[in-house]
Amino acid sequence: MLLRLSASLPGCVAMERGVAWGGARPQISGKIRAVEPFNAPAETMSAPPSERLTHLASLYGIQDRHQGHSGSIERVGAGTLVAILAAMGVKADTPAAVEHAIAQAQLRAWNAMIAPTTVVREGEPKDVWVHVAHGAPAHLHLEIEETGDKVFPVQLDRWVDPVELSGTLTGRATFQIPADLPVGYHTMVAQSGDVISTGTLIVVPQRVPEPPTRMWGVMAQLYSIHSAQSWGVGDFADLGDLCHLMARRLGADFALINPVHAVEPTAPLTPSPYLPTSRRFVSPWYLRVEQIREAAYLCAADREKVARLADAAAAATAPLAGKHAARLVDRDTAWTAKLAALRIVHAVPLPPARRDAFERFCAEQGKALDDFALWSVLYQEFGPAPWPAGYESPQSASSVATRRTHGAEILFHKWLQWVAFEQLSQAQHSALEAGMKLGIMQDLAVGVHPQGADVWALGELLAQGVSVGAPPDMYNQLGQDWSQPPWRPDALDATAYQAYRGMLRSMFQHCGAVRIDHVIGLFRLWWIPRGADPRFGAYVRYDHEALVGILCLEAQRAGVAVVGEDLGTFEHWVSDYLADRGLLGTAVLWFEKEWDGSVKAPEHYRRSALATVTTHDLPPTAGYLELEHVRLREELGLLTVPVAEETASAEAEIATVRAALIARGLLDPNGPVDLDDTIVALHRYLAMTPSLLQGVALVDLVGERRTQNQPGTDQEYPNWRVPLTDGTGSEVLLEDIADAPLAGRIAAAMNGPDRAW
């Protein structure tokens, strides 16, 4: 995730039958715990930790040090380690508590008869343990996911000294999982006498499917697009039409869009698409009301009501005073009008086939959809948290009562998800029918809103009392806090990654590829104690073999390609690991450098990458070349150096890139410095790379200059609310994009002879 602040921003759960097996498995209640802000002073947060506290932190995957952006080794303070351990349910605020927690952590594996989750790559054997009373027999068999066949792993002759647990000697039997198992989610059943325990064995592919060939596509902020038929904002019907135009008129093979995850059910809506309420469900804000089949059966009076609502939404404006004055994307007006129209359409009875389809959708989505719809109803009633006592989770007494008394409204929110999924599927069908090889590339946000549906429904699967962010770097010396609660690694493992799997499965349903925002989060995340300065955070490691492996499995089943945004601070082996697993990385031309700091030659770009000229956290290329990023940051007070120094640095960077374009024969060294010519040359340079995917920003096709998101700001700049306009600031309708002069020239560059096939 590049410089993004929060404001700009089923498996078999291990269980026992017969005699209960004692142990210290994480208890996942689904209830949100009340965690007080960690308001310790800076000196407490940064105080050196004891060796034993550091050891305890390592047992839970918490790094006590990291390499800073300047190359220095930064140590994590004791206060930070104590707070993060507390977010994992581990008390470590005294030396005695630390020693007790270490003893418990070292016995975690022994306290379970069988591990709740085991992940293994296809074609590789793996040893697993079964814990039984010392000297008692141990048996293990596997139940294969699709067929139900039983497989009996071989027990290995390996002696392991028994361990005393609560006064009883416990032994360890070792079994070897065979290498010829099919990929999938299988059940492991361990038995010793009357004691039975189950776990989940996940066999994952070695690699995710790569794109079938090199191709290019457009990158668009869907909400910024306005067609003649949409309600003032881009929607799923516009997405299908955009894909059709880009494929048929310009030759594009995919359309990468911003996250379309679920948002609040009522206005005001959070502008940032990277701060959703749920990543499993989609936003009905993107629905085209008239394309819902039942809209055709409205009576004349209701049809007139819907038409009036559409006109009002399309005409809405949100002027912003000052230099950035312009029509802005008005989410709230559009959604309020659209929601009223959707209620009118929802009143039309479904015919039998449609009702069956809706009921199948509800059954497939299961409890996750039930809980999301219930949260939506409660949000309508109470607004943002905090809610009254009794509504802390889906299982709370008042929540259960609401589920019984508000069935019709809950059904309405389920219906919204059904028709939204349906229209997203129709958009992907339009893309493929128009000739795109991949079609829609969805974007998976790194996290969710701290008061959203996922936090409420998933409870302790998400850590409380901490948020995700980034340590200080050269762009933000104070670090970043994105406000989003992270997954708890132990809770994911305890539940066989069920919620994670459901989220991926939902994302992969209606697209040809998925971009994973801040893919480094599958390896480690910067956890910040609530209320603490972002500098006083620490990296928490995740089981990347499990997270990436499950990602590969779900992607293989859906037949989608995966791109990981590996920009920012990360360990360099990660890019090689991702490439080895078939995940494409991300390369932005302005950031790509040779070892000596010079502009990276196109032939040196990674093959396994989505290569682009720009990204949504930078101005469009026209604005970048005209130093809009410098002027804007200076105006907003975001520069940490004198503006003259920053301007000189930016001018030197652009001059260096221009020299590389001239050296490749892409620009005339003696001709005038023409803005459009330079933009086209940059894309010709991009087309010369061997990267499997090349992305062209939609804003570059029309000559837009304004950035969509200015990192480091909230209300100071209209982040995620800038409509698609040309270089003069005039709004560009969807129907006219392909006719923009630059669009044809850039498409010719991407389709032209410079491509090194």
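**View 1. Ser608 sits in the loop that links strand E24 (585-588) to strand E25 (609-612).** Helices (H or I, at least four residues) and strands (E, at least two) are DSSP runs, numbered from the N terminus. This is a predicted model, in which local features need pLDDT of at least 70 and side-chain atom pairs count only at pLDDT 80 or more, while totals for chains, interfaces and linings use all residues. Numbering starts from 1 along each chain as its sequence is written, and side-chain values use heavy atoms, with hydrogens and water left out. Is Ser608 buried or exposed? Ser608 counts as buried because its relative accessibility is 15%; the label buried means under 20% relative accessible area, exposed over 50%, and partly exposed in between (1.4 Å probe, protein chains only). Not counting residues up to four places away in sequence, Ser608 touches Glu210, Ala579, Leu583, Leu584 and Gly585, where contact means heavy atoms within 4.5 Å.

**View 2. Strand E24 runs parallel to E25, and four bridges join them.** Two strands pair if DSSP finds at least two bridges between them. Ala587 has Ala611 of E25 as its bridge partner. E24 is covered on both faces, with Gly585 and Ala587 buried on one side and Thr586 and Val588 buried on the other.

**View 3. Helix H4 (residues 95-106) has a buried side, made of Ala97, Val98, Ala101, Ile102 and Ala105.** These residues cover an arc of only 135° around the axis, so they sit on the same side of H4; the arc is that of the directions from the helix axis to the C-beta atoms. Ala96 and His100, on the other side of H4, are exposed. Helix H2 (51-59) is included in what covers the buried residues.

**View 4. Tyr500 is among the residues with the most contacts inside the largest nonpolar core, which has 230 residues.** Such a core is a set of buried Ala, Val, Leu, Ile, Met, Phe, Trp, Tyr and Cys residues joined through side-chain atoms within 4.5 Å. Setting aside neighbours within four places in sequence, Tyr500 is in contact with Trp487, Leu492, Leu522, Leu547, Ile550 and Leu551. Another core, of six residues, lies apart from it and includes Trp526, Ala532, Phe536 and Tyr539.

**View 5. Residues 1-37 have pLDDT below 50.** pLDDT is the predictor's confidence in each residue, from 0 to 100. The protein chain averages 91, and 92% of the residues score at least 70. Where pLDDT is low, the predicted coordinates should not be read in detail.

Definitions and conventions. The expected span of a helix is 1.5 Å times one less than its number of residues.
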